[in-house]
Number of protein chains: 2
Amino acid sequence: MNKITIKDIAALAGVSIATVSNVMNGTGRVSGETAKRVLQVIDRHDYAPSTAARFLKERRSQLIGILVPTGERGRLEDNPFYWQLVMAVEAEAREERLHVIVSGVTEEDPLTFVQERQLDGIIAIGITGDSPLLGRIAQLDVPCVYLDCYLAGGENLQVVNMNDRMGGYLGTKHLLSLGHERIAVIAGDIVTSGVYEERWLGYTRALEESGIEADRALLVETPVSLLGGYHSAQQVYMLSPKVTAVFAFSDVAAIGLMKGLQELGVRIPDDLSVMGYDDIDYAGFLTPSLTTIRQDIGTKGKTAIRRILSMIRGSVPAEHSVTLPVELKRRQSTALRFQPNSIQKEE
Amino acid sequence: MNKITIKDIAALAGVSIATVSNVMNGTGRVSGETAKRVLQVIDRHDYAPSTAARFLKERRSQLIGILVPTGERGRLEDNPFYWQLVMAVEAEAREERLHVIVSGVTEEDPLTFVQERQLDGIIAIGITGDSPLLGRIAQLDVPCVYLDCYLAGGENLQVVNMNDRMGGYLGTKHLLSLGHERIAVIAGDIVTSGVYEERWLGYTRALEESGIEADRALLVETPVSLLGGYHSAQQVYMLSPKVTAVFAFSDVAAIGLMKGLQELGVRIPDDLSVMGYDDIDYAGFLTPSLTTIRQDIGTKGKTAIRRILSMIRGSVPAEHSVTLPVELKRRQSTALRFQPNSIQKEE
DNA sequence: TAAATAGGATGAAACGTTTAATCATTGATC
DNA sequence: GATCAATGATTAAACGTTTCATCCTATTTA
């Protein structure tokens with residue numbers, strides 16, 4: 001069953017292939033009569049023009065790549081966050097008749113496919129300031145928007161970030177306002193990841209404003225995952241009761257942490273306040289529900305794809321980077337420091 | 001900055017384009033000498049051959065489509081499950097040098113892009129027995145694997161399902177073994193969705209084996225989501241205390257349900273046992289942790305893509321459909337019926 | 001010495017589109 | 001009646017590959 005081509009349609013409709021092409025694209029001049037006939041033939045044989053041929057001619061692909069960091073065994077990172085992002089990007093893209101390729105980037109052969117497939121644009125997520133990818137992408141000369149990236153020399157790159165520093169600041173302020181002064185932090189590797197570093201900077205600034213010096217000993221660096229959070233419960237437990245609150249820089253880690261703490265007999269928020277970050281859907285449905293910093297991933301994705309689109313159309317947005325707002329979402333997992341009658345912990 | 005093509009490489013290396021092509025693909029006969037020279041030139045200009053041109057010739061795309069159901073506003077359905085799937089599929093695909101397009105399918109123009117882009121294969125998720133898509137896909141004549149689909153006349157279609165009936169059966173057996181006899185069920189629309197219907201059939205069979213007749217009044221049909229589960233808590237509450245256990249056919253709904261119940265003062269599992277389905281990552285990290293039916297999404301995805309690959313290579317797997325095993329994951333949210341001292345509920 | 005063979009490289013067609021340039025027909029204008 | 005303009009449709013080049021058939025040159029074989 002050989003694929004039907006524009007040539008077949010032309011023959012069947014008794015016109016030239018140019019006319020068929022013109023009918024499909026609304027270009028050139030075609031009489032209503034002919035157009036109708038051609039469309040009928042197209043419809044009857046449900047013919048669809050080959051994008052390979054078209055894009056070969058037009059030198060583009062109508063394809064957007066989402067470059068997702070890979071974790072163990074070269075797999076895409078396991079975080080529901082990415083699906084949220086894909087959802088947002090795909091929705092916008094589909095409206096513009098673009099499609100979305102989701103791909104992990106590995107060390108060996110990171111990006112040749114971008115070039116080979118002539119992607120119209122790419123969205124790169126979570127690239128750290130010193131990554132070699134950065135140079136590669138620049139070389140490619142493809143419209144690119146960086147998401148959640150804090151880049152060293154990237155002044156003229158398109159960057160879309162959430163206001164991570166503000167998030168760290170808001171969360172810490174909230175805990176301070178509840179009377180907490182020694183606040184532990186759970187985060188991924190602070191040094192290499194701009195996102196967590198920014199949140200940490202917000203954290204320290206808030207503390208400073210209250211005349212408290214940030215104490216690196218209260219920082220627990222752990223993989224950002226349920227298990228990572230779970231395992232760090234032990235360390236947090238050792239820090240208590242001097243430490244009365246924990247700020248986890250990720251909801252996922254916070255959920256693991258809470259589980260771990262509860263198993264150790266710690267009551268949340270009575271004994272310890274826990275604060276998350278992201279406001280993933282589950283945050284509001286935990287017991288206790290999780291106070292967190294909300295970032296609107298949908299907006300983030302939408303902003304990214306919109307910028308890609310305007311870059312594709314040749315109009316580079318005026319401002320290079322945009323920082324989207326975050327918001328404190330107060331729930332049950334944070335409370336005033338110490339119940340009056342529970343100043344000392346049982347040992 | 002015009003894209004560099006095979007022609008440029010040929011000119012620079014002082015050979016014909018045929019030779020360049022041969023060098024790249026290891027076809028034809030090329031001397032080691034020439035090969036080296038060509039490769040150098042390719043490397044120096046980091047040239048990457050255009051897939052559009054290549055695939056135009058080869059009549060394929062090295063592209064796999066994942067067709068995701070769309071929910072409100074035409075967006076991809078919001079369920080972390082899909083990301084798990086994409087992760088698995090993408091990993092396998094990348095090894096075979098295929099790429100993955102994620103696309104929602106809408107009513108208006110469901111699938112022309114499959115044809116236009118000449119996808120090498122598609123993975124269709126959650127298509128119900130009577131969907132018009134089914135016919136369209138068959139028409140396309142593209143290798144397709146159906147995931148989580150119970151199809152009416154689909155004897156010769158490639159279907160990969162989990163053993164949903166067994167899952168329903170196992171979960172119900174478990175609850176029965178704990179002494180529960182009136183067990184409510186929370187599910188999406190049973191009629192149209194094969195998956196939930198199967199689980200329901202497993203449920204009724206288990207009951208029958210204990211001489212209990214399934215009671216349709218104990219079935220709460222609700223959207224499969226956190227909020228859906230949350231809202232159904234009210235109905236479940238009305239059914240208690242005669243009903244002593246709930247089987248939610250989705251973890252996501254179960255999580256919402258538990259939250260709702262806890263807000264109503266119901267203790268889990270003391271007052272009511274709750275059982276989920278899927279074993280999403282969060283299930284083990286809730287308080288109480290959720291007893292559930294585990295399905296291995298990674299394996300599901302891997303199986304699907306493997307079958308696609310063999311279909312692409314022309315060898316249609318012998319058995320048309322495969323059913324993967326599920327497993328009971330016992331945790332804290334289910335317990336023996338009634339504490340001895342709490343036979344009657346306070347009213 | 002002539003013919004056959006093998007290795008190495010090339011020419012050109014084909015893949016299915018788009019599009020600029022061209023052509024043919026008809027009706028309007030001078 | 002000749003020129004022009006407008007309309008409708010066609011021809012052919014181009015896009016960047018792959019690949020088959022062909023060609024050249026040196027070496028081996030008869």
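Predicted model: local features only at pLDDT ≥ 70, side-chain atom pairs only at ≥ 80, totals over all residues.
1. The interface first. On chain A, 45 residues are in contact with 45 residues of chain B. H5(A) has the largest share, with eight residues. By type, that side of chain A splits into 23 nonpolar, 13 polar and nine charged residues.

2. Have a look at the strands here too. E2(A) and E2(B) (residues 99-104) run antiparallel and are joined by three bridges. One pairing to pick out is A:Val100, whose bridge partner in E2(B) is B:Val102.

3. Now the sheet in chain B. It is open, with four strands in the order E7-E6-E8-E9 and parallel pairing. E7 (219-221) and E9 (273-275) of chain B are at the edges with a single partner strand each, so one side of each has no neighbour in the sheet. From one strand to the next, the twist averages 20 degrees. E8(B) (residues 245-248) pairs with E9(B) through three bridges, and B:Ala245 sits opposite B:Ser273.

4. H10(B) (residues 226-239) lies across E6 (183-187), E7 and E8 of chain B, at about 160 degrees to E6(B).

5. Last, the core. The largest nonpolar core has 182 residues, and A:Leu257 and B:Leu257 touch the most other members. Beyond its neighbours within four places in sequence, B:Leu257 has contacts including B:Ile186, B:Tyr230, B:Ala233, B:Val236, B:Val246 and B:Val274.

How values were computed
Residues numbered from 1 in each chain as written. Chains lettered and ligands numbered in written order. Contact = placed C-beta atoms within 7 Å. Helix = DSSP H or I, 4+ residues; strand = E, 2+ residues; numbered from the N terminus. Nonpolar A, V, L, I, M, F, W, Y, C, P; charged D, E, K, R; others polar. Pairing = 2+ DSSP bridges. Core = buried A, V, L, I, M, F, W, Y, C linked by C-beta atoms within 7 Å. Buried ≥ 20, exposed ≤ 12 C-beta atoms within 10 Å, placed from the backbone. Axes fitted to C-alpha atoms, helices over the stretch in contact; angles between N-to-C directions.
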